[in-house]
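This briefing concerns selected local features of one structure. Please consult the sequence and the model shown below while reading the points that follow.

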Amino acid sequence: MPPKSFTYFIKVFGCQMNYADAEKIFSTLAKKGWKKAADLSSAHLLVAVSCGVRQGAEDRVINWLEKTRKTNPGAILVLAGCLGHREDLKQRLRNIVDYFLPAGKRLPSSLINPLYPVLAKGESAYGGNPIYLSRAYIPITVGCDNFCSYCVVPYARGRERSLPPENIIKKAKNLVKKGYKELFLLGQNVNSYRGADRKGKVWTFSQILRTLNAVPGNFWIKFISSHPKDINREMMLAVKDCRKVSKNLHLPLQSGSNKILLAMNRKYRRSDYLATVNEIKKNIPDVVLSTDIIVGFPGETARDFRASLSAVREVGFEMLYALKYSPRPETAAFKLKDDVPAWMKKERQQKLDRVWKKIALKKNKRFLGKNTLILIDRIKQKTNRKGSVNFYALGKNFENKDVAALIKRSGKSKHNLAGKWGVARINQVGALGLSGELVEGEKNV
Ligand code: SF4
């Protein structure tokens with residue numbers, strides 16, 4: 001049954017200014033008919049009004065977001081307040097937070113119009129309509145054993161645990177039955193998955209992929225993240241063979257310099273990584289590779305950075321998250337001198353962005369003039385320079401590219417597209433995504 005009304009839960013951190021922000025958010029929601037949720041787990045919309053004055057405060061906010069996402073995976077999660085504008089957090093929390101709202105700003109109507117978020121996240125706004133659903137996140141591993149020298153995860157989340165395969169499969173089947181169209185498998189290292197079933201048999205990640213792929217239904221399977229040292233041929237073949245599994249492989253490189261990789265405790269050398277990539281390309285010809293690179297790790301010289309740039313060019317990543325190194329308490333690298341100046345980190349980050357975006361732009365041209373199937377997340381309204389209003393279907397395709405497709409149809413029915421499949425004919429590409437027009441019907445692909 002669809003809910004009678006939509007509910008929210010606001011968590012305020014820090015000073016009075018944040019309480020004022022929270023009031024602003026509350027009044028906007030109240031005007032649209034939203035009600036306060038009885039508790040966090042039942043809310044449709046969750047807002048953290050954050051404080052970033054100290055590292056500890058920041059960590060508390062992030063903890064809350066992570067826990068909340070687990071408690072209520074279906075809700076729209078908003079990070080507002082002092083951390084709402086932070087680019088690094090947008091990247092870091094991209095799989096947890098749905099919307100970032102800079103301090104003092106109002107929630108956009110596109111987010112709180114119940115038609116958009118709820119449809120996009122899985123519930124119908126109309127009584128009697130089918131339940132439209134889109135993306136569901138399924139954690140399959142928790143924690144990490146790798147202890148990369150810059151990372152807090154093994155300390156913050158503990159040692160790696162794999163969820164039992166039966167639980168994952170049961171959850172996936174239920175979600176597909178409910179109409180979810182994209183199952184996103186999550187873990188710090190999904191490919192080191194080693195979950196034991198009730199009989200004590202240990203499953204690999206490839207087995208999970210193949211089993212989920214065999215679940216009847218029209219849905220996609222995506223996953224993040226994979227550690228380069230744990231990729232094997234079995235996994236490559238599973239990705240290649242499974243029709244429902246996206247060919248987007250996110251494989252964090254972190255640095256192209258052996259010296260820095262060693263200091264990061266990444267457990268592979270540049271040549272190992274590049275050899276793995278060659279194997280992947282041989283086994284999965286249509287693979288779309290993306291990565292993370294840290295710039296300005298302690299001791300990173302201009303030469304080390306050039307090694308990262310050349311590795312990025314050699315692999316040809318279509319998406320890259322360039323992160324400036326920041327010392328985190330508890331980690332091994334925290335003891336090292338953070339000796340790359342902030343301006344240099346920024347310069348390197350920008351340089352890296354220029355390089356991968358050039359590659360991505362070139363590669364994205366293969367979509368020009370073609371149809372691509374997308375899972376529509378939401379509908380966006382945009383007024384052009386002449387003052388006319390256009391509506392766009394925003395979503396992702398099988399390769400995990402962001403797609404914005406102009407909706408030509410008129411009337412209210414366009415709002416019902418959120419949470420559904422759509423076909424976009426691509427007429428423009430950028431480094432960050434594709435755009436075009438919505439052509440109705442999957443058969444048009
Ligand atoms: S960077 Fe990834 S692999 Fe390394 S410790 Fe953190 S979570 Fe584990």
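The model is a predicted one. The points below treat the helix and then a set of paired strands.

**Helix α12**

- Helix α12 spans residues 302-315, a total of 14 residues.
- From the first C-alpha of α12 to the last, the helix reaches 20 Å, close to the 20 Å expected at 1.5 Å a residue.
- The buried residues in α12 are D304, F305, A307, S308, A311, V312 and V315. These residues lie on the same side of α12, because the arc they cover around the axis is only 150 degrees.
- A302 and R303, on the other side of α12, are exposed.

- Strand β20 comprises residues 433-439 and pairs with strand β18 (residues 402-407) in the parallel sense, over five bridges.
- Within this parallel pairing, A405 is placed opposite G436 of β20.
- Strand β19, residues 421-429, pairs with β20 in the antiparallel sense, over six bridges.
- V429 has L434 in β20 as its bridge partner.
- A hairpin is formed by β19 and β20, with three residues between the two strands.
- In summary, β20 pairs with β18 in the parallel sense and with β19 in the antiparallel sense.

Key:
Residues numbered from 1 in each chain as written. Predicted model: local features only at pLDDT ≥ 70, side-chain atom pairs only at ≥ 80, totals over all residues. Helix = DSSP H or I, 4+ residues; strand = E, 2+ residues; numbered from the N terminus. Expected span 1.5 Å × (residues − 1). Buried ≥ 20, exposed ≤ 12 C-beta atoms within 10 Å, placed from the backbone. Arc of directions from axis to C-beta. Pairing = 2+ DSSP bridges.
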